[in-house]
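The paragraphs below go from the place where the chains meet to each chain in turn.

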Amino acid sequence: MLRKVVVTLLVLTCFILQCSVFIGLAFAGIIPNLMIILTSSFGFMRGEKEGLVIGFFCGLLSDIFFGGFLGFYALVLMYIGYLNGKFSRIFYPEDIKLPIALIITSDLSYGILCYCLMFLLRGRLHFSHYFTHVILPEALYTIVITIFLYPAVLWINNKLEAIEKRRAKKFV
Amino acid sequence: MSPIIKRKGERFTLPSKYLLLILTILCTGMMLVTFGTDVFNRPLNTVVGYVIVPFQRGISKMGGWLSNRSEELVQIRTLLDENARLREEIAALTEENTLLQQDKYELNRMRELVALDEQYGAYNKVGARIIGRDSGNWYSSFIIDKGEEDGLAVDMNVIAGGGLVGRVTSVGPNWARVTSIISDNVNVSAMTLSTEDNLTVSGDLKLMVDNCITFRQLVDSQNKVVEGDKVVTSDISDKYLPNILIGYINTINRDNNNLTKSGLITPAVDFEHLSEVLVITDLKQTIVEE
C-alpha cells in the first residue's frame, strides 16, 4: 500500500516537473524523458510486472494531456517497462553500468519507435535528421538527468524494501 | 500446471505476461475507440484536471516569478544603455509619427472602401495562461489554465500577439490543450492577403528550431505573390476563423510540377516565448449534417 502511494506520487511529480520545470531547462528545444527513467528503473529494480504497470500509467498520463488518442504512449512505455523487467535477474544495486545502458537503450528505442509510428507513417523520411536532432539529444540529456535522478529512485526503492521487510518480519 | 490456476493457500497473482496481454488489448481498444469518439476523454480529463493542473499552475506561477527576478537583475545594466539609445530614437520617431498620421487617414478611407472589419475586434476572447508544455520532443502543444468552466470548447482558435497560435484540441473542466500550428501534425488552410490565393500551411519538426513553418499547394499562376506577403487563415477552413494572421512568406519555390509553389513562412507569433494567449470563444460556423 505504502509502495503504491509513494510510486504514484513519484510518477506525478516527475510528470509535472517534465512539462513545467524542464521546459525552462531545455537545451536546443530538447527536454529529457523522465518517464523513461522511472519506467525502466522500476522495471529492472522490481521486475516485469511493476515495470509494465508503472510504464502503463506514465504513458497514460502523457496520453491524456498530450496524445492525439489514448493508449499510444501507454502501450510503448508498458512494453519498455516489461522488457526492462527481464533484466531484473542480473541487476545489482551497486552497479551503475547496467542501469545507464538499459535507460539509454530504452530511450533510443522509444525515440525510434515514436519516429516510425508517428512520422515515418506520415511520409517524413529523413530519419538521419530526426535521429541526430531529436532522438539522440533526448537520449543524451536523459542520461545526464539519470545520473542525478536514478540514485534518488534507488534510495526510495531501498527504503521501501526495508520497510516491507520489517513489516513482513512482524507478522511471522 | 497452468500458472493462472489458483493453488490452495496461496494468494492469487496474475503472471506478468498475462497482465501485459490484457493491458495491450486494453490500449489497442482505447486507441481504436478514441480515434473516432471521445468517450474516455471526459472522465479522464476531469480526474487529471483536479489532480495535476493545480500543481502545474503553482509551478508555472513560481517559475514565472523566479525568471522575472533573474531577468530584472540582468536587465538593469542593459537598461541604462538602452535608455540613452531610446531617447535618440524618440526624436526620430516623433518625426515619423507625423508622417504616419497622414497615412492613417488614408488607410481608414481605404478600409471603408474594402469594407474590411477591424481585424479581430468582433470576436469574443478569453485570456489564458500557459501552465505546461508537451512532455515529449515530437509535437508542440501546451496546456492552458482555462477549461470548460470558462466556456472553452474543442476547436476554438487561439491567438497571441496578433497572430494565430493554434486551436484547442482537448478540454477538461479547468484546463485545455492547445495544439500549435508549428506542430508537425497540423495543417491549416490559409490564403495570401494580397492576392487571396489559397495555400496549405503545415508545421514541420525540422524547422521548429528555426521558428519556421512550411506552405504548399500555392496556385499563383500570375506570379503575384512575393516574399513578405501576409498569410491569413482562409474562408474555406472548417476549424479556423477567417482572416487571422498566420505569418509572412519567407521564401517561395516553384514545385517540380510547375503548377504549384511551396516555401517557408515566418509565423507572426514567437512560439519560444509564449506565456499568455487569447482564446477566441466563437466557433467557426459550420453546416451541421443531419
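In this predicted model, the contact between the two chains draws on 35 residues of chain A and 34 residues of chain B. On the chain A side, six helices each give at least two residues: α1 (2-19), α2 (21-24), α4 (48-66), α5 (72-85), α6 (97-119) and α7 (127-171). If you want one helix to look at, pick α4(A), whose eight residues make up the largest share of that side. What classes of residue does the side of chain A that touches chain B have? It has 24 nonpolar residues, together with eight polar and three charged ones.

Now follow chain A on its own. Along the principal axes, the C-alpha atoms of chain A fill a box of roughly 60 × 30 × 30 Å. The radius of gyration of chain A is 17 Å, which agrees with the value near 16 Å that a compact globule of 172 residues would have. Of these 172 residues, 46% count as buried. Among the contacts in chain A with a separation of 6 or more, 67% are between residues 24 or more positions apart.

Which residues of α1(A) are buried? They are V7(A), C14(A), F15(A), I16(A), Q18(A) and C19(A).

Chain B has another make-up, with four helices and 12 strands. Why is chain B described as more spread out than a compact globule? The reason is that its radius of gyration is 25 Å, well over the 19 Å that the globule rule gives for 290 residues. The C-alpha atoms of chain B fill a box of roughly 95 × 55 × 40 Å along the principal axes. Buried residues account for 30% of the 290 residues in chain B. Of the contacts in chain B with a separation of 6 or more, 55% link residues 24 or more positions apart.

Chain B is also divided into two domains: domain 1 covers 38-116 and domain 2 covers 123-282. Taken over C-alpha atoms, the centres of these domains are 18 Å apart. Where they meet, 10 residues of domain 1 of chain B are in contact with 12 residues of domain 2 of chain B. The domain 1 side of this contact has two or more residues from each of α2 (41-51) and α3 (53-114) of chain B. By class, that side has two nonpolar residues, seven polar residues and one charged residue.

Finally, find strand β1 (residues 125-133) of chain B, which has pairing partners to explore. Strand β1(B) pairs with strand β12 (residues 276-280) of chain B in the antiparallel sense, over five bridges. Within this pairing, R129(B) has E276(B) in β12(B) as its bridge partner. Strand β1(B) is also joined by three bridges to strand β2 (residues 141-144) of chain B, and these two run antiparallel. Here R133(B) stands opposite F142(B) in β2(B).

Definitions and conventions: Residues are numbered from 1 along each chain as its sequence is written. Chains are lettered from A and ligands numbered from 1 in the order in which they are written. This is a predicted model: local features need pLDDT of at least 70, side-chain atom pairs count only at pLDDT 80 or more; totals for chains, interfaces and linings use all residues. Two strands pair if DSSP finds at least two bridges between them. Domain bounds come from an automatic or database domain assignment. Two residues are in contact if their C-beta atoms, placed from the backbone, lie within 7 Å. Ala, Val, Leu, Ile, Met, Phe, Trp, Tyr, Cys and Pro count as nonpolar, Asp, Glu, Lys and Arg as charged, and the others, Gly among them, as polar. The radius of gyration is taken over C-alpha atoms; the globule rule is 2.2 Å times the number of residues to the power 0.38. A residue is buried if 20 or more other C-beta atoms lie within 10 Å of its own, exposed if 12 or fewer, and partly exposed in between; C-beta atoms are placed from the backbone.
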